[in-house]
Amino acid sequence: QVQLVESGGGSVQAGGSLRLSCAASGDSIKIVHMAWFRQVPGKEREAVALVRFGGTVTDYADSVKGRFTISEDLTKNTLLLQMNNLQPEDSAVYYCAQRRDLQWTGRWKSPDQWPYWGQGTQVTVSS
């Protein structure tokens, strides 16, 4: 069974950086697709970043492109999100998500495309 556990959230001033981690167990992120989403209370869950199996195909929300980088630490089966130049509008609960079917090339920005989720980690950015 798949288990995903996010960590690394916290409070930071605008312009600062955080690195989020998502530890995977029960399955290996080496052979799956992974993504980061974020959600503010009362709003829809928003796609942030994608890495497909193999690590060479990535995509980002326009709002974070150039500031956030998704990557994998394969020695630890861990998904990472490096967030630089954080802004107050980045404040949200951040979730990692996983698909295990390697043939999938669907629309990654739809939350219902992702069957496995972590519990979320809070990111708060103050101005």
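**Side-chain contacts**

Analyst: Let me start with one residue. Asp101 is partly exposed, with a relative accessible area of 34%. Keep in mind that this is a predicted model.

User: Which residue does Asp101 form a salt bridge with?

Analyst: Arg99. The closest N and O atoms of Arg99 and Asp101 are 2.6 Å apart. Arg99 is buried, with a relative accessible area of 15%.

User: How many salt bridges are there in the whole structure?

Analyst: Four. Salt bridges with shared partners join Arg38, Glu46, Arg67 and Asp90 into one network.

User: Take Asp90 and Arg38. What is the N to O distance there?

Analyst: The side chains of Asp90 and Arg38 meet at 3.0 Å, N to O. Asp90 lies in the loop between strand 8 (78–83) and strand 9, and Arg38 lies in strand 4, so the pair ties together parts that are 52 residues apart in sequence.

User: Is Asp90 buried or exposed?

Analyst: Buried, at 0% relative accessibility. Arg38 counts as buried too, at 6%.

User: And what about Asp90 with Arg67?

Analyst: Those two side chains also form a salt bridge, at 2.8 Å, N to O. Arg67 is in the loop between strand 6 (58–60) and strand 7 (68–73), so its bridge to Asp90 ties together parts that are 23 residues apart in sequence. Arg67 is buried, with a relative accessible area of 15%.

User: OK, switching to the disulfide. Which residues does it join?

Analyst: The structure holds one disulfide. It joins Cys22 to Cys96, with an S to S distance of 1.9 Å. The pair links distant parts of the chain: Cys22 is in strand 3 (residues 18–25) and Cys96 is in strand 9 (residues 92–99), 74 residues apart.

User: Why is it right-handed?

Analyst: The torsion about the S-S bond of Cys22 and Cys96 is about 55°, so the disulfide is right-handed.

User: Are Cys22 and Cys96 buried or exposed?

Analyst: Both are buried.

User: Now the rings. How many aromatic pairs?

Analyst: Five. Ring pairs link Phe37, Tyr95, Trp104, Trp108, Trp114 and Trp117 into a cluster.

User: Start with Phe37 and Trp108. What is the geometry?

Analyst: The ring centres of Phe37 and Trp108 are 6.5 Å apart and the planes are at 70°, so the pair is edge-to-face. Phe37 lies in strand 4 (residues 33–39) and Trp108 in the loop between strand 9 and strand 10 (116–117), so the contact ties together parts that are 71 residues apart in sequence. Phe37 and Trp108 are buried.

User: And Trp104 with Trp114, what are the distance and angle?

Analyst: The centres of Trp104 and Trp114 are 5.1 Å apart and the planes are at 75°, so that pair is edge-to-face. Trp104 and Trp114 lie in the loop between strand 9 and strand 10, so the pair ties together parts that are 10 residues apart in sequence.

User: Buried or exposed, for Trp104 and Trp114?

Analyst: Buried. The relative accessible area is 8% for Trp104. For Trp114 the value is 3%.

User: Last topic, charges over rings. Which ring does Arg52 sit over?

Analyst: The charged end of Arg52 sits over the ring of Trp104, 4.7 Å from its centre.

User: What about Arg45?

Analyst: The charged end of Arg45 sits over the ring of Tyr95, 3.9 Å from its centre.

How values were computed
Residues are numbered from 1 along each chain as its sequence is written. This is a predicted model: local features need pLDDT of at least 70, side-chain atom pairs count only at pLDDT 80 or more; totals for chains, interfaces and linings use all residues. Side-chain values use heavy atoms; hydrogens and water are left out. A disulfide is a pair of cysteine sulfur atoms within 2.5 Å. Helices (H or I, at least four residues) and strands (E, at least two) are DSSP runs, numbered from the N terminus. Buried means under 20% relative accessible area, exposed over 50%, partly exposed in between (1.4 Å probe, protein chains only). Rings of Phe, Tyr and Trp (its six-membered ring) pair if their centres lie within 6.5 Å; planes under 30 degrees apart count as stacked, over 60 as edge-to-face and the rest as tilted. A charge sits over a ring if NZ of Lys or CZ of Arg is within 6 Å of the ring centre and within 35 degrees of the ring normal.
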